[in-house]
Amino acid sequence: YMESSEKTRYSIRCADMEYYDANLIDNVLKIDKQSIGKFPKGVIEAIERAQVVQNTDDLNSARVTLKKGMLKIRTENENQWYEEKKKIQYTGRSFSFNVNLVFLKEILKETSEVIFGETKIKIEKDNFHFVIVIEKE
């Protein structure tokens, strides 16, 4: 699940069936001008702390921002907000995305490597690909 700044939500599911259109899925998974990085140590613990305040009515209620040298996770609900910053070795352009922290935490338990592209990031492990459309800051 992904959400744009205009509140458009996207959900992509892949099935290995007769109607499978390899070009469609391959275009979603393709990342141009890519660089590889890692989420910092301690990010899973930061996600767990942020989940306490995560709005359970909204699947994409956490905002993740990446800037030069800094990763920020922010969650809020009607009564409070939580924000945590982590140092990260990243020198690319600044961007943000909304994400469900349960999904992100489960993925990061498997791998901390991330592929950064111009318009999306991808986390992959074996045959699993998690693609997030990013917004310019």
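**Talking through the fold**

Colleague: What pattern does the chain follow, read along the sequence?

Modeller: Keep in mind that this is a predicted model. The secondary structure comes to three helices and eleven strands. Read along the sequence, their order is β-β-α-β-α-β-β-β-β-α-β-β-β-β.

Colleague: Which residues of helix 2 are buried, and where do they sit on the helix?

Modeller: Helix 2 covers residues 43–51, and its buried residues are V43, I44, A46, I47 and A50. Looking down the axis of helix 2, you'd see them fall within an arc of 160°, so they line one face of the helix.

Colleague: And what covers the buried residues of helix 2?

Modeller: Think of the buried set again, with V43 and I47 among them. The cover over these residues includes strand 5 (70–76), strand 6 (81–87) and helix 3 (101–110).

Colleague: Which residue takes a positive phi in the hairpin of strand 9 and strand 10?

Modeller: Strand 9 (residues 120–125) and strand 10 (residues 128–133) pair in the antiparallel sense over six bridges. K125 stands opposite F128 in strand 10. Two residues lie between the strands, and the one with a positive phi, near 55°, is D126.

Definitions and conventions. Residues numbered from 1 in each chain as written. Predicted model: local features only at pLDDT ≥ 70, side-chain atom pairs only at ≥ 80, totals over all residues. Heavy atoms only, no water. Buried < 20%, exposed > 50% of the residue type's maximum accessible area, 1.4 Å probe, protein only. Helix = DSSP H or I, 4+ residues; strand = E, 2+ residues; numbered from the N terminus. Arc of directions from axis to C-beta. Contact = heavy atoms within 4.5 Å. Pairing = 2+ DSSP bridges.
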